[in-house]
Amino acid sequence: MVAKGRTGQPTLEEVAALAGVGRGTVSRVINNSPRVKDSTRALVEQAISELGYVPNRAARALAGSRTDAVALVIPENEKRFFAEPYFSDIVHGVADGFADTDMQLLLTFLRTESERKRFLQYAGARRVDGVLLVSVHGSDPLPDLLAQIGLPTVLGGRRSADEPVAYVDADNAGGARSAVAHLAGSGRRAIATVTGPPDMYVAQSRLRGYEDAVRDVSGAAPDSSWIANGDFTEEGGRRATAELLDRHPELDAVFAASDVMAAGALHTLRAAGRRIPQDVAVVGFDDSPIARHTDPGLTSVRQPVEEMGRTMARVLLTALGAPEAAREHVVLPTELVQRASG
């Protein structure tokens, strides 16, 4: 019990004494570590409430090298960030995942090599407790460099099938396969695809799903002339669809590896006099707000982007509370959402 008439702030030791636990247990509760039983956590939280204890954030930072800050890193320019709903949904999910913690979320763009070097110096100085990295390309060494300095890192997506860093991803190949199977099931036989950047595993996975589905339908791998590279932008979708129409005027379906590129495909098809879906069916990927506002509405593969963001936050919090925990690899399911485009 705390003596009456005390004038100083309650201490961590006093909280531990009142709760009947050790000082380390109180520290783990304050830091949201998952390694505390619910019953013990309740006792500590009750003691904190009764004593009016307020954690000294500066002392915690000095004693445990904690900053209570996490960097959400986007290795893209702001133009793409604000153009693609995927990024805003990820940010919303991540913020929601940290809502009940003391963590501050720092949004960081890495557009140039000098910015990457500065960020590595910043992270290496332990200005943040961990990093969430979104939209990573296959050759990007940043996740490995962060791992080398011992900074907990979680990727949104992954660089390859054998990604060693913790990640949260969607079933991209399975989603693409379901999209093309849907088009084939509705009678489409001349199905082309607009892919994402070839150096991104997400684009490779969606292309693999397309190829698997075409192989299932036709018994043979698709000819490469039915595949056009995009870059996850609307202009890229327009340009790639124009290439496909030039190669194959008879095409009757397009699977675009993102809703943004699908919107570009719709524009090019209409400009070429093709009716949608009567002449050409179109399916996108993401089920972003764009899919609900195109004319006609866009059939799309829904990936749970906000849930991915929340899961990324949860995986990072687990790593911060238990550094010895295994690096988590999480793959969330996708779902085809049918609308009028195909």
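A residue counts as buried when its relative accessible area is under 20%, and in this predicted model D286 is therefore buried, at 13% relative accessibility.

View 1. D286, which is found in strand β9, has a positive phi of about 130° although it is not a glycine. D68, likewise not a glycine, has a positive phi of about 55° and is placed in the loop between α4 (57-64) and β1 (69-74). With a relative accessible area of 5%, D68 is buried.

**View 2. An open sheet of six strands.** The strands follow the order β7-β6-β8-β9-β10-β12, and their pairing is mixed. Because β7 (227-229) and β12 (335-337) stand at the edges and each has a single partner strand, one side of each is left without a neighbour in the sheet. Neighbouring strands are turned by 20° against each other on average, direction ignored. Strand β10 (residues 299-302) runs antiparallel to β12 and is joined to it by three bridges; S300 has V337 of β12 as its bridge partner.

**View 3. Helices that pack on the sheet.** Helix α11 (residues 234-247) touches β6 (191-195) and β7, and its direction makes about 150° with that of β7. Helix α12 (residues 259-271) lies across β6, β8 (253-256), β9 (281-286) and β10, and runs at about 160° to β9.

**View 4. The largest nonpolar core and the surroundings of F255.** This core holds 41 residues, of which Y210, L251, F255 and V282 touch the most other members. Among the elements that give two or more residues to the core are α9 (172-185), α10 (201-218), β8 and β9. When its neighbours within four places in sequence are left aside, F255 is in contact with residues including A176, V180, L183, V194, R206, Y210 and F285. A second, separate core of 27 residues includes F109, V154, A313 and V315.

**View 5. The crossing of α9 and α10.** The axes of these two helices come within 7 Å and cross at roughly 40°, and α9 passes α10 in a right-handed crossing. Among the residues that make the contact are A176, R177 and V180 of α9, together with R206, Y210 and D212 of α10. The residues of this contact divide into ten nonpolar, three polar and five charged.

View 6. I276 and P277 are joined by a cis peptide bond with omega of about 10°, and P277 is found in the loop between α12 and β9. The peptide bond from D295 to P296 is cis as well, with omega near 0°, and P296 is found in the loop between α13 (289-293) and β10.

Technical notes
Residues are numbered from 1 along each chain as its sequence is written. This is a predicted model: local features need pLDDT of at least 70, side-chain atom pairs count only at pLDDT 80 or more; totals for chains, interfaces and linings use all residues. Side-chain values use heavy atoms; hydrogens and water are left out. Two strands pair if DSSP finds at least two bridges between them. Helices (H or I, at least four residues) and strands (E, at least two) are DSSP runs, numbered from the N terminus. Axes are lines fitted to C-alpha atoms, for helices over the stretch in contact, and angles run from 0 to 180 degrees between N-to-C directions. Contact means heavy atoms within 4.5 Å. A nonpolar core is a set of buried Ala, Val, Leu, Ile, Met, Phe, Trp, Tyr and Cys residues joined through side-chain atoms within 4.5 Å. Buried means under 20% relative accessible area, exposed over 50%, partly exposed in between (1.4 Å probe, protein chains only). A crossing is left-handed if the near helix is turned anticlockwise from the far one by less than a right angle, and right-handed if clockwise. Ala, Val, Leu, Ile, Met, Phe, Trp, Tyr, Cys and Pro count as nonpolar, Asp, Glu, Lys and Arg as charged, and the others, Gly among them, as polar.
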